[in-house]
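Hi,

Here's the structure I promised to pass on to you. Have a look at it first, and then read my notes below.

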Amino acid sequence: MSDAPETVDLEMIQRIIPHRYPFLLVDKVRDVKFCESAVGIKNVTFNEPHFQGHFPGAPIMPGVTIIEALAQTAAVMVGASLGLQDKGMLVYFMGMEGVKFRRKVVPGDVLELHVTVTRGKPGGKVWKFRGEASVEGEMAAEAEFTAMMDMPAEGK
């Protein structure tokens with residue numbers, strides 16, 4: 001059992017991961033189960049900068065940003081589980097497999113980002129996740145991805 005919060009708000013997200021506008025792609029993380037799973041929420045709005053060019057007149061959220069949102073959700077879940085807020089954690093992609101896109105994500109959608117740990121443990125640097133992004137219960141994207149959790153050395 002852990003003292004990890006079940007829901008992580010935007011302020012706490014910013015204390016766990018370093019991402020900021022325009023590249024912070026998660027508004028809230030809920031249903032956090034200690035080092036196991038979580039659900040991120042991304043409210044997709046027309047104001048996001050990628051919609052200016054992807055595509056004019058037919059805005060679609062780029063697939064790579066959906067995968068990045070899944071990864072940010074995973075990082076927040078691990079950070080919240082392990083109490084890593086204000087620790088300066090950085091997270092790096094190491095690999096992606098089985099990436100598939102199933103539906104367009106457009107302004108007005110609420111993207112649900114379901115992530116599950118498939119490998120990793122407290123104190124470990126390398127973690128593997130399975131992620132599924134959906135809108136109103138319809139799968140938009142899925143991927144397996146590996147990431148390294150990098151913590152700065154104490155005293156730096």
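Let's start with a turn: β5 and β6 form a hairpin with two residues between them, and E136 in that turn has a positive phi of about 50°. Strands here are DSSP runs of E with at least two residues, helices are runs of H or I with at least four, and both are numbered from the N terminus.

Before you go further, please keep in mind that this is a predicted model: local features need pLDDT of at least 70, side-chain atom pairs count only at pLDDT 80 or more, and totals for chains, interfaces and linings use all residues. Residues are numbered from 1 along each chain as its sequence is written, and side-chain values use heavy atoms, with hydrogens and water left out.

**The overall layout**

The chain has two helices and six strands, and from the N terminus on they come in the order α-β-β-α-β-β-β-β. Its C-alpha trace spans about 50 × 30 × 25 Å along the principal axes. A compact globule of 156 residues would have a radius of gyration near 15 Å, and the chain agrees because it has 15 Å. (That radius is taken over C-alpha atoms, and the globule rule is 2.2 Å times the number of residues to the power 0.38.)

**The sheet**

The six strands form an open, antiparallel sheet in the order β1-β2-β4-β5-β6-β3; two strands count as paired if DSSP finds at least two bridges between them. At the edges are β1 (28-33) and β3 (90-101), each pairing on one side only. From one strand to the next, the twist averages 25°.

Which strand does helix α2 (residues 63-81) cross at about 60°? That is the angle its direction makes with β4 (110-119), and α2 packs on the sheet, touching β1, β2 (37-43), β3, β4, β5 (126-135) and β6. Contact means heavy atoms within 4.5 Å, while axes are lines fitted to C-alpha atoms (for helices over the stretch in contact), with angles from 0 to 180 degrees between N-to-C directions.

Now follow β6 (residues 138-150): nine bridges join it to β3, and ten join it to β5. E144 in β6 is the bridge partner of E97 and also of R130. K100 has E142 of β6 as its bridge partner.

Most residues other than glycine have a negative phi, and most peptide bonds are trans. D31 is not a glycine, yet its phi is positive, about 55°; you'll find D31 in strand β1. A cis peptide bond joins Y21 and P22, with omega about 5°, and P22 sits in the loop between α1 (10-16) and β1. The bond from H54 to F55 is cis too, with omega near 0°; F55 lies in the loop between β2 and α2.

**The pocket**

By class, the lining of the largest pocket has seven nonpolar, three polar and three charged residues. Here Ala, Val, Leu, Ile, Met, Phe, Trp, Tyr, Cys and Pro count as nonpolar, Asp, Glu, Lys and Arg as charged, and the others, Gly among them, as polar.

Happy browsing!
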